[in-house]
Amino acid sequence: MSWLYLFVAGLFEIGWAVGLKYTDGFSRLWPSVFVVISIAFSMVFLAFAIRELPMGTAYAVWTGIGAVGTVIYGIVVFQESSDPLRLICVGLIICGILGLKLVTD
């Protein structure tokens, strides 16, 4: 169950990171509210995951999910660069996440 909590925490991590783009420096109310709520849920689910998972593993996977998801969102929605070298780097992050999952009991 802790890996599921960690995955959900990572999704909320993507939500608040992407949401920052829409807040216009926290000058827009509803996107700002969304970001604050997403941060709170992300932290709560991370805290649930850390009950059973090693802290370092959970934190690395949490930030990795957030980073990969945010990059993919940027490529798809904002037409950010999908340069092959950039995608290879994202792939390395994914390999790191999977590696941590495989070596963690």
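The legends below describe a predicted model through an overview and several close-up views.

Figure 1. The protein holds 4 helices and 0 strands, where helices (H or I, at least four residues) and strands (E, at least two) are DSSP runs numbered from the N terminus. Read along the sequence, these elements follow the pattern α-α-α-α, and the C-alpha trace spans about 45 × 35 × 15 Å along its principal axes. Of the 105 residues, 31% count as buried, a term that stands for under 20% relative accessible area, with exposed meaning over 50% and partly exposed the range in between (1.4 Å probe, protein chains only). The protein exposes about 6,500 Å², of which carbon and sulfur atoms supply 74%; accessible areas come from the Shrake-Rupley method with a 1.4 Å probe, and for residues only the protein chains shown count as cover. Among the contacts with a separation of 6 or more, 67% are accounted for by residues 24 or more positions apart, contact being defined as heavy atoms within 4.5 Å. Residues are numbered from 1 along each chain as its sequence is written, side-chain values use heavy atoms with hydrogens and water left out. In this predicted model, local features need pLDDT of at least 70 and side-chain atom pairs count only at pLDDT 80 or more, whereas totals for chains, interfaces and linings use all residues.

Figure 2. Neighbours within four places in sequence being left aside, Leu6 is in contact with Leu46, Ala49, Leu53, Ala58, Val61, Trp62 and Ile65.

**Figure 3. Aromatic pairs and the cluster that contains Phe12 and Phe45.** The structure holds 8 aromatic pairs, a pair being rings of Phe, Tyr and Trp (its six-membered ring) whose centres lie within 6.5 Å, with planes under 30 degrees apart counted as stacked, over 60 as edge-to-face and the rest as tilted. Phe12 and Phe45 form a stacked pair, at 6.1 Å centre to centre and with 10° between the planes. Because Phe12 lies in helix α1 (residues 2–23) and Phe45 in helix α2 (residues 29–50), this pair ties together parts that are 33 residues apart in sequence. Phe12 is partly exposed at 26% relative accessibility, whereas Phe45 is buried at 19%. In the pair of Tyr73 and Phe78, the ring centres are 5.9 Å apart and the planes stand at 65°, so this pair is edge-to-face. One aromatic cluster is formed by Tyr5, Phe12, Phe41, Phe45 and Phe48.

**Figure 4. Charged side chains at Phe78 and in the salt bridge of Arg86 with Glu80.** The charged end of Lys21 sits over the ring of Phe78, 5.2 Å from its centre; this description requires NZ of Lys or CZ of Arg to be within 6 Å of the ring centre and within 35 degrees of the ring normal. Phe78 itself is partly exposed, at 29% relative accessibility. The count of salt bridges comes to 1, with a salt bridge taken as a side-chain nitrogen of Lys or Arg within 4 Å of a carboxyl oxygen of Asp or Glu. Arg86 and Glu80 form a salt bridge in which the closest N and O atoms are 3.5 Å apart. Arg86 is partly exposed at 26% relative accessibility, and Glu80 is partly exposed at 33%.

**Figure 5. Loop residues Phe26 and Gln79, with the surroundings of Ser32.** Phe26, in the loop between α1 and α2, has a positive phi of about 65° although it is not a glycine, and it is partly exposed with a relative accessible area of 48%. Gln79, in the loop between α3 and α4 (84–103), likewise has a positive phi, of about 50°, without being a glycine, and it is exposed at 61%. Ser32 is found in helix α2 and is buried, with a relative accessible area of 10%. Residues up to four places away in sequence not being counted, Ser32 touches Thr23, Phe26 and Ser27.
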